[in-house]
Amino acid sequence: MSGSFARPDTLVGRTVGRYRLVEKIGAGGMGSVYRAVHIEIEDLVVAVKLLLPGLIDDEALRRRFKDEAAICARLSERSSHIVQIRDYGILEDLDLPYFTMEYLQGRSLQHLMHKVAAPVHQGLAIARQICLGLRVAHDMNVVHRDLKPSNIHLIPDLQLGEKVKLLDFGIARLVRDAQRGPLTQGYLGTPQYSAPEQLRGLEVDARADIYSLGMILYELFSGVCPFAVEDQNFETWYVLHTEGEPSPMAAANPRRPVPMAIEQLVLHCLAKKPADRPAGVSEILERLELVMGHLPPAPPAAAIPPPPTITLSAEQVAHLEKQLATQVGPIAPTLVRRALGSSHTPGELVEQLAAQLPATQREKFSRTVLANLSAQTSAAPSPGVREGSVPPVLRLDPRFVERCGHELSRLVGPIAAFLLQSALKETPPTPAVLVERLAALVGDQAKAEQLRRKLL
Ligand SMILES: Nc1ncnc2c1ncn2[C@@H]1O[C@H](COP(=O)(O)OP(=O)(O)OP(=O)(O)O)[C@@H](O)[C@H]1O
(Lines give C-alpha, C1' and ligand atoms only; values in the text may rest on other atoms or scores of the structure.)
Protein backbone atom coordinates (compact mmCIF):
# COMPACT_ATOMS: atom_id res chain seq x y z
CA MET A 1 0.00 0.00 0.00
CA SER A 2 2.82 2.33 -0.86
CA GLY A 3 1.83 6.00 -0.93
CA SER A 4 -0.92 5.71 1.69
CA PHE A 5 -0.89 8.30 4.41
CA ALA A 6 -1.69 7.53 8.02
CA ARG A 7 -1.74 10.24 10.68
CA PRO A 8 0.94 9.24 13.23
CA ASP A 9 -1.31 9.48 16.28
CA THR A 10 -3.79 7.09 14.73
CA LEU A 11 -1.07 4.54 15.32
CA VAL A 12 -1.51 4.57 19.10
CA GLY A 13 -2.99 1.23 20.11
CA ARG A 14 -1.55 -0.57 17.07
CA THR A 15 0.67 -3.58 17.41
CA VAL A 16 4.13 -3.24 15.92
CA GLY A 17 6.05 -6.50 16.01
CA ARG A 18 5.47 -7.85 19.52
CA TYR A 19 4.71 -4.40 20.99
CA ARG A 20 1.61 -2.23 21.36
CA LEU A 21 2.11 1.52 20.81
CA VAL A 22 0.96 3.29 23.98
CA GLU A 23 1.73 6.96 23.40
CA LYS A 24 3.61 9.22 21.07
CA ILE A 25 6.76 10.63 22.70
CA GLY A 26 7.77 12.99 19.94
CA ALA A 27 8.67 13.36 16.29
CA GLY A 28 11.75 14.49 14.42
CA GLY A 29 12.62 15.15 10.81
CA MET A 30 12.45 11.50 9.84
CA GLY A 31 10.27 9.64 12.26
CA SER A 32 7.86 9.55 15.16
CA VAL A 33 8.80 7.87 18.40
CA TYR A 34 6.32 5.98 20.59
CA ARG A 35 6.46 4.35 23.98
CA ALA A 36 5.29 0.78 23.55
CA VAL A 37 4.71 -2.25 25.75
CA HIS A 38 5.11 -5.92 24.97
CA ILE A 39 1.79 -7.54 24.06
CA GLU A 40 2.21 -10.27 26.65
CA ILE A 41 4.58 -8.79 29.24
CA GLU A 42 3.28 -5.34 30.17
CA ASP A 43 6.42 -4.43 32.13
CA LEU A 44 8.55 -4.80 29.02
CA VAL A 45 8.68 -1.25 27.69
CA VAL A 46 10.44 -0.13 24.52
CA ALA A 47 10.55 2.91 22.25
CA VAL A 48 9.45 2.38 18.66
CA LYS A 49 10.52 4.77 15.93
CA LEU A 50 8.49 4.74 12.70
CA LEU A 51 9.42 6.53 9.51
CA LEU A 52 7.10 9.50 8.93
CA PRO A 53 4.28 8.21 6.71
CA GLY A 54 4.78 11.06 4.24
CA LEU A 55 8.32 9.80 3.53
CA ILE A 56 7.66 6.17 2.72
CA ASP A 57 8.02 6.61 -1.04
CA ASP A 58 11.46 8.17 -0.75
CA GLU A 59 13.88 5.29 -1.25
CA ALA A 60 16.91 7.30 -0.07
CA LEU A 61 15.18 8.15 3.21
CA ARG A 62 14.00 4.60 3.74
CA ARG A 63 17.59 3.50 3.32
CA ARG A 64 18.84 6.17 5.71
CA PHE A 65 16.22 5.15 8.27
CA LYS A 66 17.42 1.55 8.10
CA ASP A 67 21.04 2.77 8.27
CA GLU A 68 20.24 4.58 11.51
CA ALA A 69 19.05 1.34 13.08
CA ALA A 70 21.99 -0.63 11.68
CA ILE A 71 24.65 1.88 12.77
CA CYS A 72 23.17 2.23 16.22
CA ALA A 73 22.90 -1.54 16.61
CA ARG A 74 26.57 -1.98 15.70
CA LEU A 75 27.77 0.80 17.99
CA SER A 76 25.65 -0.14 20.99
CA GLU A 77 27.21 -3.60 20.91
CA ARG A 78 30.43 -1.84 21.90
CA SER A 79 29.27 1.00 24.12
CA SER A 80 26.54 1.12 26.73
CA HIS A 81 26.48 4.89 26.11
CA ILE A 82 24.72 4.40 22.78
CA VAL A 83 21.02 3.58 22.61
CA GLN A 84 20.34 -0.11 22.00
CA ILE A 85 18.37 -1.32 19.01
CA ARG A 86 16.18 -4.37 19.60
CA ASP A 87 14.44 -5.00 16.28
CA TYR A 88 13.78 -3.68 12.78
CA GLY A 89 10.82 -4.37 10.51
CA ILE A 90 8.11 -3.01 8.24
CA LEU A 91 4.45 -2.51 9.15
CA GLU A 92 3.08 -4.47 6.22
CA ASP A 93 -0.26 -2.80 5.57
CA LEU A 94 1.18 0.75 5.70
CA ASP A 95 4.55 -0.18 4.20
CA LEU A 96 6.02 1.72 7.14
CA PRO A 97 9.54 0.84 8.34
CA TYR A 98 10.16 0.91 12.08
CA PHE A 99 12.77 -0.02 14.61
CA THR A 100 12.54 -0.82 18.27
CA MET A 101 14.92 0.63 20.87
CA GLU A 102 15.47 0.42 24.58
CA TYR A 103 13.14 2.95 26.19
CA LEU A 104 15.12 5.77 27.78
CA GLN A 105 13.78 7.06 31.06
CA GLY A 106 14.94 10.37 32.40
CA ARG A 107 15.58 13.54 30.51
CA SER A 108 17.64 14.90 27.70
CA LEU A 109 20.71 17.04 28.28
CA GLN A 110 18.72 19.88 26.73
CA HIS A 111 16.34 19.68 29.67
CA LEU A 112 19.22 19.73 32.18
CA MET A 113 20.90 22.70 30.50
CA HIS A 114 17.66 24.57 30.04
CA LYS A 115 17.85 26.08 33.50
CA VAL A 116 21.47 26.48 34.61
CA ALA A 117 25.04 25.39 34.06
CA ALA A 118 25.84 22.00 35.52
CA PRO A 119 28.10 22.01 38.60
CA VAL A 120 31.66 21.26 37.47
CA HIS A 121 31.67 17.80 39.04
CA GLN A 122 28.44 16.75 37.31
CA GLY A 123 29.45 18.42 34.05
CA LEU A 124 32.71 16.48 33.99
CA ALA A 125 30.99 13.17 34.66
CA ILE A 126 28.51 13.82 31.83
CA ALA A 127 31.21 15.08 29.44
CA ARG A 128 33.32 12.00 30.09
CA GLN A 129 30.44 9.64 29.30
CA ILE A 130 29.55 11.52 26.10
CA CYS A 131 33.18 11.11 25.04
CA LEU A 132 33.21 7.40 25.88
CA GLY A 133 30.23 6.85 23.56
CA LEU A 134 31.51 9.15 20.84
CA ARG A 135 34.96 7.56 20.87
CA VAL A 136 33.42 4.19 20.03
CA ALA A 137 31.54 5.73 17.09
CA HIS A 138 34.68 7.43 15.77
CA ASP A 139 36.79 4.32 16.30
CA MET A 140 34.32 2.56 14.03
CA ASN A 141 34.54 5.36 11.45
CA VAL A 142 31.06 6.68 12.18
CA VAL A 143 30.51 10.45 12.34
CA HIS A 144 27.29 11.38 14.16
CA ARG A 145 26.81 14.75 12.39
CA ASP A 146 23.89 15.80 14.60
CA LEU A 147 25.31 15.81 18.09
CA LYS A 148 23.23 18.17 20.23
CA PRO A 149 21.77 18.25 23.75
CA SER A 150 18.39 16.83 22.68
CA ASN A 151 20.18 13.77 21.26
CA ILE A 152 21.94 13.08 24.54
CA HIS A 153 19.82 11.44 27.22
CA LEU A 154 20.57 11.13 30.90
CA ILE A 155 18.91 8.09 32.37
CA PRO A 156 18.76 7.01 36.01
CA ASP A 157 21.25 4.24 36.59
CA LEU A 158 21.77 2.13 39.67
CA GLN A 159 25.55 2.21 39.32
CA LEU A 160 26.32 5.56 37.75
CA GLY A 161 23.46 7.55 39.21
CA GLU A 162 23.13 9.26 35.84
CA LYS A 163 24.06 7.52 32.63
CA VAL A 164 24.59 9.17 29.26
CA LYS A 165 23.02 7.64 26.16
CA LEU A 166 23.67 9.01 22.68
CA LEU A 167 20.87 8.64 20.20
CA ASP A 168 19.56 9.76 16.83
CA PHE A 169 22.18 8.53 14.42
CA GLY A 170 19.65 9.45 11.69
CA ILE A 171 22.19 11.34 9.59
CA ALA A 172 25.29 9.54 10.83
CA ARG A 173 27.46 8.17 8.09
CA LEU A 174 30.46 6.01 7.72
CA VAL A 175 33.41 8.24 6.97
CA ARG A 176 34.28 6.16 3.96
CA ASP A 177 31.15 4.82 2.34
CA ALA A 178 32.37 3.53 -0.98
CA GLN A 179 28.95 3.21 -2.56
CA ARG A 180 27.86 6.72 -1.80
CA GLY A 181 30.95 8.82 -2.03
CA PRO A 182 32.19 11.38 0.49
CA LEU A 183 30.02 13.28 2.94
CA THR A 184 29.53 16.32 0.77
CA GLN A 185 25.97 16.03 -0.47
CA GLY A 186 24.46 19.27 0.84
CA TYR A 187 23.83 20.32 4.40
CA LEU A 188 22.17 18.06 6.96
CA GLY A 189 22.23 18.71 10.69
CA THR A 190 21.19 21.29 13.28
CA PRO A 191 22.70 24.73 12.49
CA GLN A 192 23.11 25.73 16.14
CA TYR A 193 25.54 22.85 16.79
CA SER A 194 27.10 22.30 13.36
CA ALA A 195 30.75 22.82 12.51
CA PRO A 196 31.67 25.52 9.96
CA GLU A 197 32.71 22.95 7.34
CA GLN A 198 29.42 21.08 7.79
CA LEU A 199 27.40 24.28 7.32
CA ARG A 200 29.38 24.98 4.17
CA GLY A 201 28.41 21.57 2.81
CA LEU A 202 32.04 20.44 2.70
CA GLU A 203 33.31 16.98 3.45
CA VAL A 204 33.25 16.28 7.20
CA ASP A 205 35.00 13.84 9.48
CA ALA A 206 35.05 13.11 13.21
CA ARG A 207 36.32 16.63 13.87
CA ALA A 208 32.87 18.01 12.95
CA ASP A 209 31.46 16.06 15.92
CA ILE A 210 34.27 17.50 18.04
CA TYR A 211 33.10 21.00 17.16
CA SER A 212 29.49 20.08 18.10
CA LEU A 213 30.85 18.61 21.33
CA GLY A 214 32.58 21.94 22.01
CA MET A 215 29.25 23.78 21.62
CA ILE A 216 27.56 21.32 23.98
CA LEU A 217 30.32 21.47 26.61
CA TYR A 218 30.40 25.26 26.50
CA GLU A 219 26.69 25.34 27.36
CA LEU A 220 26.95 22.51 29.85
CA PHE A 221 29.63 24.24 31.93
CA SER A 222 28.59 27.88 31.50
CA GLY A 223 24.81 27.62 31.06
CA VAL A 224 24.88 29.91 28.03
CA CYS A 225 25.60 29.76 24.32
CA PRO A 226 29.10 30.81 23.18
CA PHE A 227 27.64 33.33 20.74
CA ALA A 228 25.18 36.17 21.18
CA VAL A 229 22.33 35.05 18.96
CA GLU A 230 19.44 37.17 17.82
CA ASP A 231 17.76 35.13 15.11
CA GLN A 232 17.74 31.38 15.19
CA ASN A 233 17.93 30.98 11.43
CA PHE A 234 20.46 29.17 9.24
CA GLU A 235 22.13 32.37 8.00
CA THR A 236 22.74 33.68 11.50
CA TRP A 237 24.29 30.43 12.67
CA TYR A 238 26.32 30.18 9.48
CA VAL A 239 27.90 33.58 10.10
CA LEU A 240 28.48 32.91 13.81
CA HIS A 241 30.08 29.50 13.31
CA THR A 242 32.20 30.51 10.36
CA GLU A 243 33.28 34.00 11.57
CA GLY A 244 32.11 34.64 15.14
CA GLU A 245 34.47 34.43 18.11
CA PRO A 246 33.05 32.56 21.11
CA SER A 247 32.92 34.75 24.22
CA PRO A 248 35.36 33.76 26.95
CA MET A 249 33.49 31.44 29.31
CA ALA A 250 34.30 33.47 32.39
CA ALA A 251 32.80 36.57 30.77
CA ALA A 252 29.81 34.59 29.57
CA ASN A 253 28.79 33.59 33.06
CA PRO A 254 30.86 35.23 35.83
CA ARG A 255 28.75 33.65 38.56
CA ARG A 256 29.73 30.13 37.53
CA PRO A 257 33.54 29.98 37.34
CA VAL A 258 34.76 27.27 34.99
CA PRO A 259 38.24 25.79 35.50
CA MET A 260 40.69 27.32 33.02
CA ALA A 261 41.63 23.89 31.65
CA ILE A 262 38.01 23.21 30.70
CA GLU A 263 37.66 26.58 29.04
CA GLN A 264 40.83 25.99 27.02
CA LEU A 265 39.62 22.54 25.98
CA VAL A 266 36.19 23.78 24.93
CA LEU A 267 37.58 26.69 22.93
CA HIS A 268 40.06 24.31 21.31
CA CYS A 269 37.11 22.14 20.17
CA LEU A 270 35.45 25.26 18.75
CA ALA A 271 38.35 26.16 16.45
CA LYS A 272 37.09 27.18 13.02
CA LYS A 273 39.48 24.92 11.12
CA PRO A 274 39.21 21.16 11.78
CA ALA A 275 43.02 20.90 11.85
CA ASP A 276 43.15 23.34 14.78
CA ARG A 277 40.82 21.19 16.97
CA PRO A 278 41.88 18.33 19.25
CA ALA A 279 42.99 15.43 17.08
CA GLY A 280 40.42 13.02 18.47
CA VAL A 281 38.02 12.23 21.31
CA SER A 282 40.74 10.28 23.14
CA GLU A 283 42.68 13.51 23.55
CA ILE A 284 39.57 15.25 24.91
CA LEU A 285 38.99 12.40 27.34
CA GLU A 286 42.56 12.59 28.58
CA ARG A 287 42.25 16.31 29.19
CA LEU A 288 38.91 15.94 30.98
CA GLU A 289 40.38 13.24 33.18
CA LEU A 290 43.33 15.44 33.98
CA VAL A 291 40.91 18.08 35.28
CA MET A 292 39.02 15.42 37.24
CA GLY A 293 42.28 14.29 38.79
CA HIS A 294 42.98 17.78 40.06
CA LEU A 295 39.57 18.55 41.54
CA PRO A 296 39.77 18.48 45.32
CA PRO A 297 38.20 15.19 46.39
CA ALA A 298 35.50 15.45 49.03
CA PRO A 299 36.35 13.25 52.05
CA PRO A 300 34.25 10.08 51.82
CA ALA A 301 32.48 10.68 55.12
CA ALA A 302 31.32 14.10 53.95
CA ALA A 303 30.15 12.59 50.69
CA ILE A 304 27.56 10.51 52.51
CA PRO A 305 24.34 12.49 52.17
CA PRO A 306 22.84 13.99 55.30
CA PRO A 307 19.71 12.41 56.74
CA PRO A 308 16.60 13.12 54.71
CA THR A 309 14.65 16.23 55.45
CA ILE A 310 11.11 15.01 55.01
CA THR A 311 9.43 11.98 56.49
CA LEU A 312 6.79 9.81 54.93
CA SER A 313 4.65 7.06 56.34
CA ALA A 314 5.16 3.54 55.05
CA GLU A 315 1.84 3.85 53.19
CA GLN A 316 2.90 7.08 51.51
CA VAL A 317 6.20 5.59 50.38
CA ALA A 318 4.38 2.53 49.04
CA HIS A 319 1.89 4.73 47.18
CA LEU A 320 4.68 6.81 45.68
CA GLU A 321 6.62 3.73 44.59
CA LYS A 322 3.52 2.18 43.08
CA GLN A 323 2.62 5.27 41.07
CA LEU A 324 6.18 5.62 39.83
CA ALA A 325 6.55 1.92 39.04
CA THR A 326 3.75 2.12 36.48
CA GLN A 327 6.08 4.36 34.47
CA VAL A 328 9.61 3.31 35.35
CA GLY A 329 9.28 -0.31 36.51
CA PRO A 330 11.48 -1.93 39.15
CA ILE A 331 13.83 1.02 39.55
CA ALA A 332 11.02 2.98 41.29
CA PRO A 333 12.04 2.24 44.92
CA THR A 334 15.62 3.35 44.19
CA LEU A 335 14.45 6.59 42.64
CA VAL A 336 12.12 7.29 45.55
CA ARG A 337 14.88 6.62 48.08
CA ARG A 338 17.29 8.88 46.22
CA ALA A 339 14.77 11.71 45.89
CA LEU A 340 13.84 11.41 49.57
CA GLY A 341 17.48 11.92 50.46
CA SER A 342 17.66 15.26 48.73
CA SER A 343 14.22 16.83 49.07
CA HIS A 344 13.06 19.29 51.64
CA THR A 345 9.40 19.54 50.75
CA PRO A 346 6.81 17.21 49.19
CA GLY A 347 6.72 19.57 46.19
CA GLU A 348 10.47 19.20 45.68
CA LEU A 349 10.23 15.45 46.05
CA VAL A 350 7.49 15.16 43.45
CA GLU A 351 9.28 17.53 41.09
CA GLN A 352 12.43 15.43 41.24
CA LEU A 353 10.55 12.23 40.53
CA ALA A 354 8.41 13.76 37.80
CA ALA A 355 11.59 14.91 36.02
CA GLN A 356 12.39 11.23 35.41
CA LEU A 357 9.16 10.73 33.45
CA PRO A 358 8.21 11.52 29.88
CA ALA A 359 6.80 15.06 29.65
CA THR A 360 3.30 13.79 28.91
CA GLN A 361 3.15 11.83 32.18
CA ARG A 362 4.54 14.45 34.53
CA GLU A 363 1.44 16.47 35.29
CA LYS A 364 -0.80 13.50 35.99
CA PHE A 365 1.85 11.87 38.18
CA SER A 366 2.45 15.09 40.16
CA ARG A 367 -1.27 15.66 40.71
CA THR A 368 -1.91 12.12 41.89
CA VAL A 369 0.98 11.83 44.32
CA LEU A 370 0.90 15.37 45.65
CA ALA A 371 -2.71 14.93 46.73
CA ASN A 372 -1.70 11.82 48.67
CA LEU A 373 1.45 13.35 50.17
CA SER A 374 0.12 16.71 51.23
CA ALA A 375 -2.45 14.94 53.39
CA GLN A 376 0.06 13.91 56.08
CA THR A 377 3.66 14.86 55.25
CA SER A 378 5.58 16.67 57.97
CA ALA A 379 8.38 19.00 56.92
CA ALA A 380 10.73 18.64 59.87
CA PRO A 381 11.46 15.15 61.20
CA SER A 382 12.58 14.32 64.67
CA PRO A 383 16.40 14.24 64.57
CA GLY A 384 17.84 11.19 62.89
CA VAL A 385 14.52 9.36 62.81
CA ARG A 386 12.86 8.41 59.61
CA GLU A 387 9.55 6.64 59.36
CA GLY A 388 8.36 4.40 56.63
CA SER A 389 9.85 1.54 54.70
CA VAL A 390 12.96 3.39 53.61
CA PRO A 391 16.06 1.73 55.05
CA PRO A 392 18.28 3.74 57.39
CA VAL A 393 21.40 5.46 56.05
CA LEU A 394 24.20 2.91 55.86
CA ARG A 395 27.64 4.01 56.91
CA LEU A 396 30.53 2.44 55.07
CA ASP A 397 33.69 1.48 56.91
CA PRO A 398 36.14 4.31 56.02
CA ARG A 399 38.94 1.71 55.74
CA PHE A 400 36.99 -0.08 53.02
CA VAL A 401 36.41 3.22 51.20
CA GLU A 402 40.13 3.95 51.46
CA ARG A 403 40.95 0.52 50.02
CA CYS A 404 38.56 1.17 47.14
CA GLY A 405 40.32 4.46 46.44
CA HIS A 406 43.70 2.74 46.52
CA GLU A 407 42.75 -0.08 44.13
CA LEU A 408 40.96 2.33 41.87
CA SER A 409 43.92 4.67 41.55
CA ARG A 410 46.11 1.71 40.53
CA LEU A 411 43.71 1.12 37.65
CA VAL A 412 42.70 4.59 36.50
CA GLY A 413 45.29 6.94 37.97
CA PRO A 414 44.49 10.44 39.16
CA ILE A 415 40.76 10.36 38.34
CA ALA A 416 40.25 7.72 41.08
CA ALA A 417 39.28 10.31 43.67
CA PHE A 418 36.78 11.87 41.29
CA LEU A 419 35.17 8.51 40.51
CA LEU A 420 35.06 7.53 44.16
CA GLN A 421 33.38 10.77 45.04
CA SER A 422 30.80 10.23 42.27
CA ALA A 423 30.08 6.72 43.51
CA LEU A 424 29.52 7.93 47.06
CA LYS A 425 27.35 10.87 46.07
CA GLU A 426 24.27 8.77 45.39
CA THR A 427 22.23 7.09 48.12
CA PRO A 428 24.85 5.58 50.44
CA PRO A 429 25.74 2.14 49.12
CA THR A 430 26.60 -1.17 50.70
CA PRO A 431 30.21 -2.27 50.00
CA ALA A 432 29.09 -4.53 47.15
CA VAL A 433 27.03 -1.74 45.58
CA LEU A 434 29.94 0.68 45.93
CA VAL A 435 32.21 -1.72 44.06
CA GLU A 436 29.58 -2.17 41.31
CA ARG A 437 29.22 1.60 40.96
CA LEU A 438 32.97 1.98 40.68
CA ALA A 439 33.15 -0.85 38.15
CA ALA A 440 30.54 0.93 36.02
CA LEU A 441 32.35 4.25 36.32
CA VAL A 442 35.69 2.81 35.21
CA GLY A 443 34.18 2.45 31.71
CA ASP A 444 36.42 -0.50 30.73
CA GLN A 445 35.23 -4.06 31.23
CA ALA A 446 38.64 -5.63 31.94
CA LYS A 447 39.50 -3.03 34.57
CA ALA A 448 36.02 -3.34 36.09
CA GLU A 449 36.55 -7.08 36.48
CA GLN A 450 39.96 -6.55 38.08
CA LEU A 451 38.41 -4.14 40.56
CA ARG A 452 35.70 -6.63 41.53
CA ARG A 453 38.31 -9.36 42.03
CA LYS A 454 40.40 -7.13 44.31
CA LEU A 455 37.62 -5.72 46.41
CA LEU A 456 34.92 -8.36 46.74
N1 LIG B 1 14.83 5.35 22.80
C2 LIG B 1 14.13 6.43 23.20
N3 LIG B 1 13.57 6.46 24.42
C4 LIG B 1 12.86 7.54 24.82
N5 LIG B 1 12.67 8.65 24.07
C6 LIG B 1 13.21 8.67 22.83
C7 LIG B 1 13.96 7.57 22.34
N8 LIG B 1 14.38 7.88 21.07
C9 LIG B 1 13.92 9.11 20.82
N10 LIG B 1 13.21 9.59 21.86
C11 LIG B 1 12.54 10.89 21.94
O12 LIG B 1 11.62 10.98 20.86
C13 LIG B 1 11.58 12.29 20.34
C14 LIG B 1 11.79 12.26 18.84
O15 LIG B 1 13.10 11.78 18.58
P16 LIG B 1 13.78 11.82 17.16
O17 LIG B 1 15.13 11.28 17.31
O18 LIG B 1 12.89 11.18 16.17
O19 LIG B 1 13.77 13.34 16.76
P20 LIG B 1 14.50 14.64 17.28
O21 LIG B 1 15.89 14.30 17.74
O22 LIG B 1 13.58 15.32 18.25
O23 LIG B 1 14.54 15.48 15.96
P24 LIG B 1 15.52 15.37 14.70
O25 LIG B 1 15.83 13.93 14.48
O26 LIG B 1 14.74 15.97 13.58
O27 LIG B 1 16.70 16.17 15.09
C28 LIG B 1 12.65 13.08 21.08
O29 LIG B 1 12.00 13.81 22.10
C30 LIG B 1 13.52 12.04 21.70
O31 LIG B 1 14.09 12.48 22.90
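# Strands, helices and domains in a predicted model

Mentor: Let us begin with two strands. β4 (residues 45–51) and β6 (residues 96–102) pair in the antiparallel sense, and five bridges connect them. Please keep in mind that this is a predicted model.

Trainee: Which residue of β6 stands opposite Ala47?

Mentor: The residue opposite Ala47 is Met101 in β6.

Trainee: What is the strand order of the open sheet of six strands?

Mentor: The order is β1-β2-β3-β4-β6-β5, and the pairing is antiparallel. At the edges of this sheet are β1 (15–16) and β5 (85–91), each of which pairs on one side only.

Trainee: Which strands does helix α1 lie across?

Mentor: Helix α1, formed by residues 59–76, lies across β4, β5 and β6. Relative to β5, helix α1 runs at about 160°.

Trainee: Where does Asp95 lie, and what is its phi?

Mentor: Asp95 belongs to the loop between β5 and β6. Its phi is positive, about 55°, although Asp95 is not a glycine. A second case is Arg145, a residue other than glycine with a positive phi near 70°. Arg145 is found in the loop between β8 (142–143) and β9.

Trainee: What describes two packed helices?

Mentor: Two values are used: the angle between the axes and the distance between the axes. Here, helix α8 (residues 260–269) and helix α9 (residues 281–294) have axes that come within 10 Å and cross at roughly 165°. That angle makes α8 roughly antiparallel to α9, because angles over 145 degrees count as roughly antiparallel. The crossing of α8 and α9 is left-handed.

Trainee: Which residues make the contact between α8 and α9?

Mentor: From α8 they are Ala261, Ile262, Gln264, Leu265, His268 and Cys269, and from α9 they are Glu283, Ile284, Arg287, Leu288 and Val291. By class, the contact of α8 with α9 has seven nonpolar, two polar and two charged residues.

Trainee: At what angle do helix α3 and helix α16 pack?

Mentor: Helix α3 (residues 120–139) packs with helix α16 (residues 416–425) at an angle of about 105°, and their axes are 11 Å apart. α3 is therefore roughly perpendicular to α16, because 65 to 115 degrees is the range counted as roughly perpendicular. On the α3 side, His121, Leu124, Ala125 and Arg128 take part, and they meet Phe418, Leu419, Gln421 and Ser422 in α16. The contact of α3 with α16 divides into four nonpolar, three polar and one charged residues.

Trainee: Into which domains is the chain divided?

Mentor: The division gives domain 1 (12–102), domain 2 (107–294), domain 3 (314–373) and domain 4 (398–455).

Trainee: How many residues of domain 2 are in contact with domain 4?

Mentor: Eleven residues of domain 2 are in contact with twelve residues of domain 4. The centres of domain 2 and domain 4, taken over C-alpha atoms, are separated by 28 Å.

Notes. Residues numbered from 1 in each chain as written. Predicted model: local features only at pLDDT ≥ 70, side-chain atom pairs only at ≥ 80, totals over all residues. Heavy atoms only, no water. Axes fitted to C-alpha atoms, helices over the stretch in contact; angles between N-to-C directions. Helix = DSSP H or I, 4+ residues; strand = E, 2+ residues; numbered from the N terminus. Parallel < 35°, antiparallel > 145°, perpendicular 65-115°, else oblique. Left-handed = near helix turned anticlockwise from the far one by under 90°. Contact = heavy atoms within 4.5 Å. Nonpolar A, V, L, I, M, F, W, Y, C, P; charged D, E, K, R; others polar. Domains from an automatic or database assignment. Pairing = 2+ DSSP bridges.
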